[in-house]
Structure formats: structure tokens, C-alpha cells
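Please go through the local features of this chain with me.

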Amino acid sequence: LVAPSAFGAGGVYNTGAIKANGGNGTGGGDGGGATEVQLISADRAIYNSGAITANGGAGSGTGGGGGFGAQFTALSQRGGGFFNSGVLNLYGGAASAGCTGSCQGGGTQGLTFTIEGGAFVNAADINAYGGKSVGTTGGSGPTLLLNSSTTSSITGAFLPVGAVTFSGNLQLFGGDGTNGGHGGTFTINFNASTVLSGEEISFLGYTEIDTFGGDGTTGGGQGGQVLLNNEQSNGASSTATGGVINYANIKAYGGAATVSGIGGSAIGVTFETSNGNLNGPPDKGQVIYNAGNIDTTSGSSTSTGSSAGPITLRAIERIDNTGTLSAFGGASTGTGAGTGAPISLETGGGIGSSGAFTNSGGAASGTNASGGGCNGITIEGDAIVSSSALTCNGGNSNGVAGASGGSIIVLSQSSPTANTGAISVAGGSGTPAGNKGTATVDGIPQ
């Protein structure tokens, strides 16, 4: 659906269901792939309330693989924004469960939203996951990219930009298979080249955002990245940007290796204001508030372990967290367990936190197997009030030395930290047990 480039032309307004899905296979055949859905307005907003179905078809019989889900593009070029309340079904089709050989589940070709001026509002589920495979790698989740900017690509003119608001479930995970499919990636770049008034990136009313890797009998899929960046343009160091507000649970973990092989690693989750700067112009709502549980753990393994993904929250004015943050290494029944990834909250302002942080190394139970390490927890700001339980333990080993505990640093710059949460950096069990790690609050050992 395309509205032309002409002043006074209308936007894109759709209330009806759109169906462009691939058909299901028959007689042992593959499911059909979907191609592309485009919503493009060169002059006004895009409004959609109709369900859009462009998923891949399912395979059939003893030899049918799944079809690819469609590429989805929404482009608003001269202000007006994007407003959606219709479900988007763009997932890859599943291979036939009766497949007797190698049948590939469909992946999804990606989603791109480009908003040049105006707000972005999504109030419906987006289902764009990879399909399950039989005898081969699961279908991969897609890349979902949202760019919101203040400059028209048609005229070059400044366009006031609005907030970015999501609600509804977002499913971008990889499909199961012999090897799990990689989870998709989710990136928001809120690019403000002119001084604004603190527009926010908000996730409200979500149950969860899923970019996890699929499980596999011989290897887990990688967990995909989630990056929410309320940024400054290059050269606009005085530009204030708004905050990142999240109520969604985020599952970005690696998939499990269920029979043999290595569990999936994870890329990680990052929330940033002002491109991750910790100092800048105040009073523009440059805060992070997280109430969702975030999970970037690595998948369980039957051989060597893999690394979890880091969790990073960086803001200028303030960070508040009530969610549980988990970035621990996956367990292993083989020779070594997974490594926990860093968890970091950093701001030039205050921090309030009550959710538990855990990034301990995984436990290894194989013969002469080493537990995983912990890569540290850092909480640093102007003034910190925390009741969060912080756990950065070494993983348990079997027949060899336990992994050493990691490092925890809690540091208030201007006033003493008010900490009531338990802190643990214990070494893992083993022969001998691992060494205790280090933990300090305002430089004082704990």
C-alpha cells in the first residue's frame, strides 16, 4: 500500500485484513513462502488496524519443509508517523512433524520501520519467529529495526518527532531443530538531530519480548540482541534525549543442546539514553526505568559451555530497576560449563534497584569438568539505594578446582550507598573449592 509523494496527498489508512501468506504443502511437499508487505506514505501518517498475515506455509507428509515469512516494510517520509493496532503474523512455517529426513523450517525475512517525523505507536502482537525443523537447523528469527528520525529523506526538512511506544507481545525467536535456529535481533534507534523535549521509548502492556535461540538436539541457537537506544546524533552533543521505559519481560537467552553439543550463547540486552553518555544536559527525562525481567543466560550443554550475554543500562539522569536481571552461564554435563556475562547499571544521576541480579557461572557435572566463571556486576551512580540481591558466584566443578567467584562493585559518587541486599561472590565447589571473589560497596570490602 503506497501513498504518493505530493503535498496534500493522503496517507495510508487500512482497516481490512491483508492475507499474503504462503500455502501449506501437500503430498509431502514444502510450504510456500511469503514475499513482502509494504506500507509506504510519502506525505502523511500510516494507520493500520487490520490483521496482516504473511507467514510461511507449513510442510506436509514425510518430506515437507516450511516456507519463509514475508519481509515487512513501513516507511513514513514526511511526518505523520506510524500507528498500528493490527496483529502482524510474519512467522516462518514449520517443517512437517512426520518428516523422515531433513526438512527445514522457514525463517523470517525481517521487519523495517522508518519513521521520519511523528510518533510510532504499536498496540498489537508481532509474530515473526522461525519455524521448527526436522533433521536440520531450525528457522532463524528476523532482524526488526526501527529508525525514528527528525529529517525527511524527501525534502531534508526538520520534522518534529514523537515518542516510540510499543505494547503487545513481540516474538522473534529461533525455531527448534537438530541445531536451534538463532533468535532474531531487535533494535530501536531514536535519532534526534534537533533539541527536543525528552521523547521516550516505552514498552507498556507487554507480556514479553522473545529473541531467544531455539533448542537443538546437537546444539542450541544463539539468543538475539535487544538494543533500545534513545540517542544523540553525531555532532549534537548538547541535544537532550528522553528515556527508555520498559515493563516487558525480555527473553534473549541461548537455546539448549538437549542431546549432545554446545548450548547457544547470547548477544545481550542494552538500554541507553544519549548514546550511552553518562553526562549531559539535564531535565529532559533522560532516565531508564525497567520493571521487566531480563534473561540473557547461555543454553545448557553436553560438552563445553558458552557465554551468556551482557545486560547494560546506561543513562544520564537516573536508573530505576525493579526487574530480575539474569545473565548466568548454562550448566553442562560435559567438560565445562557456561560463563556468566557482565551486568552493569551506570548513570550520572541516582540509582534505585530492588530486583535481583544473577550472573554466576554454570555448574559442570561431567568427568573432570570445570564450572563457569562470573564476569562481574557494576552499579555506579551519583547516589544509590539498593535492596537487590547481587550474586556473582563461581560455578561448581566435578573432579577439578571450582571456579572462582567474580567481582561486584557498588559505588555512589556523592553520598554513601544505602544497600540492604545480600551480596555473594562465593567460589564454586570442586577439588579444591574455588576462591571467593571480591565485593565492595563505596570501596569497602564486603
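The questions below take up aromatic pairs, backbone geometry and strand pairing.

Reader: What kind of model is this, and how is it numbered?
Author: Residues are numbered from 1 along each chain as its sequence is written, and side-chain values use heavy atoms, with hydrogens and water left out. Local features need pLDDT of at least 70, side-chain atom pairs count only at pLDDT 80 or more, totals for chains, interfaces and linings use all residues, and the model is predicted.

Reader: How many aromatic pairs are there?
Author: Rings of Phe, Tyr and Trp (its six-membered ring) pair if their centres lie within 6.5 Å; planes under 30 degrees apart count as stacked, over 60 as edge-to-face and the rest as tilted. By this rule the count is 15.

Reader: Why do Tyr13 and Tyr47 count as stacked?
Author: Their ring centres are 5.1 Å apart. The planes meet at 10°, so the pair is stacked.

Reader: Which strands hold Tyr13 and Tyr47, and how far apart in sequence are the parts that the pair ties together?
Author: Strands (E, at least two residues) and helices (H or I, at least four) are DSSP runs, numbered from the N terminus. Tyr13 belongs to strand S2 (residues 12-14) and Tyr47 to strand S5 (residues 46-48). The pair therefore ties together parts separated in sequence by 34 residues.

Reader: Is Tyr13 buried or exposed?
Author: Buried means under 20% relative accessible area, exposed over 50%, and partly exposed in between (1.4 Å probe, protein chains only). Tyr47, at 36% relative accessibility, is partly exposed. Tyr13 has 57% relative accessibility, so Tyr13 counts as exposed.

Reader: What is the geometry of the pair formed by Tyr129 and Phe173, and how many residues apart in sequence are the parts it ties together?
Author: Tyr129 and Phe173 are stacked, at 4.9 Å centre to centre and 0° between the planes. Tyr129 sits in the loop between strand S12 (126-127) and strand S13 (143-149), and Phe173 in the loop between strand S15 (170-171) and strand S16 (177-179). The parts tied together are therefore 44 residues apart in sequence.

Reader: Which peptide bond is cis?
Author: Most residues other than glycine have a negative phi, and most peptide bonds are trans. Pro432 is in the loop between strand S38 (423-424) and strand S39 (438-441). With omega near 0°, the cis bond is the one from Thr431 to Pro432.

Reader: What is the phi of Asn368?
Author: Asn368 is in the loop between strand S32 (357-358) and strand S33 (377-381). Asn368 counts as exposed at 51% relative accessibility. Although Asn368 is not a glycine, its phi is positive, at about 50°.

Reader: What is the phi of Asp442?
Author: Asp442 lies in the loop between S39 and strand S40 (444-445). Asp442 is partly exposed, with a relative accessible area of 26%. Asp442 is a residue other than glycine with a positive phi, near 55°.

Reader: Which residue in S14 is the bridge partner of Ala123?
Author: Strand S11 (residues 118-123) and strand S14 (residues 161-167) run parallel and are joined by 5 bridges. The bridge partner of Ala123 in S14 is Ser167.

How values were computed:
Two strands pair if DSSP finds at least two bridges between them.
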